[in-house]
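This briefing is for a reader new to the structure shown below.

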Amino acid sequence: MTGCDSLTDSKVWMEEVDEARMAFALFLTIKALENIRSFFVLTEEGVFTGIVEEKGTILSVGNGRIAIQAGKVLEGTKLGDSIAVNGVCLTVTTMTKNQFTADVMPETLKRSSLGSLKKGDGVNLERAMAADGRFGGHIVSGHIDGTGVISKTENDGNAVWVYIKALPAILNLIIEKGSIAIDGISLTVAKVNDAEFAVSVIPHTGKETTLLEKKAGDLVNLENDVIGKYVQKLMGTVVEPVGTTTGVDQAARDEKLLNWLK
């Protein structure tokens, strides 16, 4: 085999690998969407879009219950309906025209920023999307993946940069130009590295949500893009067969992809 033949074979191999990666990524995305649809249909779970409808005010938090002053999100709402509070899906247990209460498990308080709320604090509120509603943001389940800490904010013309530190488990599922829910707000990631990520907040979002009311050191709830989480799950079960270990080199992974697609 000549050097030219070797280069040609290598080029063909790379083209096949690229095609395999694209086909596999498409397959995983379709499977993820199917799983998401099945989950919400079979469980009748509420789904949100990350478009905050109003800012509510905390009336009380304690003894396993949270009370919130609100208005718009109570229109058409009935007992048992779901409302996302700073991105956490809660079930309405009592309500009047201008306030509602929801039960909050100790685990929810521990794993989210809800435990740090106090009377008078503002919260982002969104009702579960109606069956004929529009996806103005992205698919948000209301089950957060963890919390992040605001490290700094920077003014940039009419926008404000918000930098948030998070654990690797969360950062691994964040991509530039991808979606993330921060305290229930659907936002686009503009920057990401191994320690933190950043979003640019426009004036409308700053006015209609609580994000820019926070300061460095404050906790925020984070929910990764659910499609990315399903793709990661599928990648683990399809690309990594039972009995293999993580850390498979790229060449071996590419070989598996090609074999799987044949």
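Glu-53 touches Lys-72, Val-73, Leu-125, Glu-126 and Arg-127, leaving out residues up to four places away in sequence; a contact means heavy atoms within 4.5 Å. The model is predicted: local features need pLDDT of at least 70, side-chain atom pairs count only at pLDDT 80 or more, and totals for chains, interfaces and linings use all residues. Residues are numbered from 1 along each chain as its sequence is written, and side-chain values use heavy atoms, with hydrogens and water left out.

**Two residues in their surroundings**

- Glu-53 sits in the loop between helix H1 (3-43) and strand E1 (54-62); helices (H or I, at least four residues) and strands (E, at least two) are DSSP runs, numbered from the N terminus.
- Glu-53 has a relative accessible area of 21% and is therefore partly exposed; buried means under 20%, exposed over 50% and partly exposed in between, with a 1.4 Å probe and protein chains only.
- Glu-53 and Gly-71 are 18 residues apart along the chain, and their C-alpha atoms are separated by 9.8 Å.
- Thr-205 belongs to helix H4 (residues 203-208).
- With a relative accessible area of 15%, Thr-205 is buried.
- Apart from neighbours within four places in sequence, Thr-205 is in contact with Ile-185 and Leu-187.

**The barrel of E1 to E6**

- Six strands close into a barrel in the order E1-E2-E5-E4-E3-E6, with antiparallel pairing; two strands pair if DSSP finds at least two bridges between them.
- From one strand to the next, the twist averages 45 degrees; axes are lines fitted to C-alpha atoms, for helices over the stretch in contact, and angles run from 0 to 180 degrees between N-to-C directions.
- Strands E3 (residues 82-85) and E6 (residues 122-127) run antiparallel and are joined by three bridges.
- On the E6 side, Arg-127 is the bridge partner of Ile-83, and Glu-126 is that of Ala-84.
- E6 also pairs with E1, in the antiparallel sense, over four bridges.
- There, Gly-56 has Val-123 of E6 as its bridge partner.

- Seven bridges link strand E7 (residues 146-156) with strand E8 (residues 159-165) in the antiparallel sense.
- Ile-150 stands opposite Ile-164 in E8.

**The cavity**

- A search of the whole structure finds one cavity of 30 Å³ or more; on a 1 Å grid over the protein atoms alone, a cavity is a set of points where a 1.4 Å probe fits but cannot get out, and lining residues have an atom within 4 Å of a point.
- The largest cavity has a volume of about 30 Å³; grid points are joined across faces, edges and corners, and a volume is the space filled by probe spheres set on the points.
- Its lining is made of Val-52, Ala-84, Gly-87, Asn-124, Leu-125, Glu-126, Asp-183 and Gly-184.
- E6 contributes the most to the lining of the largest cavity, with three residues.
- This lining divides into three nonpolar, three polar and two charged residues; Ala, Val, Leu, Ile, Met, Phe, Trp, Tyr, Cys and Pro count as nonpolar, Asp, Glu, Lys and Arg as charged, and the others, Gly among them, as polar.

**The largest pocket**

- The largest pocket holds about 430 Å³ of space; a pocket is an open set with protein on both sides within 12 Å along at least five of seven lines.
- Its lining has 19 residues, of which Val-88, Met-105, Thr-108, Gly-142 and His-143 lie nearest the centre.
- Strand E4 (88-95), helix H2 (106-111) and E7 each supply at least two residues of this lining, and E4 gives the most, with five.
- By class, the pocket lining has six nonpolar, nine polar and four charged residues.

**The whole protein**

- The protein has six helices and twelve strands.
- Of its 262 residues, 38% count as buried.
- Among contacts with a separation of 6 or more, 69% are between residues 24 or more positions apart.
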